[in-house]
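Subject: Structure handover

Hello,

Here is the structure I promised you. Please open it and keep it beside this email as you read.

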Amino acid sequence: PVSYFTGKKPLPGNKANAVKYDDAVYYFANSANKELFKKEPQKYAPAYGGWCAYAMGKIGEKVEVDPLTYKIKNGRLLLFYNKYFNNTLEDWNKDESSLYIKADTNWKKLKNSK
């Protein structure tokens, strides 16, 4: 997840550079990115547990993502579903301000219901 913020595009991770954080395991392209993450995981970890931001805002559900379909908003990494001619980033951009607020609210409910 660090490469979304430090590079021109996200890079695939490597099991040799793995870190567990908040019930998820993250893989990093290199040890430098791994160390950056370990210092500030809340800065780099994707919003909504890595689930689709659009689905979280629209229906409050966990939906898989395409890691190459993303946006950084207010310093947060947002990931989106993008398959079968359905790119939810496009839908998100049409109503971003409302969906962003709803996604935050829905995620708090889901996360607290563990």
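There are seven aromatic pairs in this structure. Rings of Phe, Tyr and Trp (its six-membered ring) pair if their centres lie within 6.5 Å; planes under 30 degrees apart are stacked, over 60 edge-to-face, and the rest tilted. Phe5 and Tyr44 make an edge-to-face pair, because their ring centres are 5.5 Å apart and their planes stand at 75°. Phe5 sits in helix α1 and Tyr44 in helix α3, so the pair ties together parts 39 residues apart in sequence. Helices (H or I, at least four residues) and strands (E, at least two) are DSSP runs, numbered from the N terminus.

A word on the source. This is a predicted model: local features need pLDDT of at least 70, side-chain atom pairs count only at pLDDT 80 or more, and totals for chains, interfaces and linings use all residues. Residues are numbered from 1 along each chain as its sequence is written, and side-chain values use heavy atoms, with hydrogens and water left out.

Are Phe5 and Tyr44 buried or exposed? Phe5 is partly exposed, at 26% relative accessibility. Tyr44 is buried, at 4%. Buried means under 20% relative accessible area, exposed over 50%, and partly exposed in between (1.4 Å probe, protein chains only).

Trp92 and Tyr100 form another edge-to-face pair, with 6.2 Å between centres and 75° between planes. Trp92 is buried at 0%. Tyr100 is buried at 11%. Lys73 lies over the face of Tyr100, 5.2 Å from the ring centre. For that label, NZ of Lys or CZ of Arg must be within 6 Å of the ring centre and within 35 degrees of the ring normal.

Tyr100 is also one of the buried residues of α6, along with Glu96, Leu99, Ala103, Asn106 and Trp107. These cover an arc of only 140° around the axis, which puts them on the same side of α6. The arc is taken from the directions from the helix axis to the C-beta atoms. The face turned away carries exposed Ser97, Ile101, Lys108, Lys109 and Asn112.

Now α2. Its buried residues are Asn33, Lys34 and Phe37. Covering the buried residues of α2 are, among others, α1, β1, β2 and α3 (contact means heavy atoms within 4.5 Å).

Best wishes
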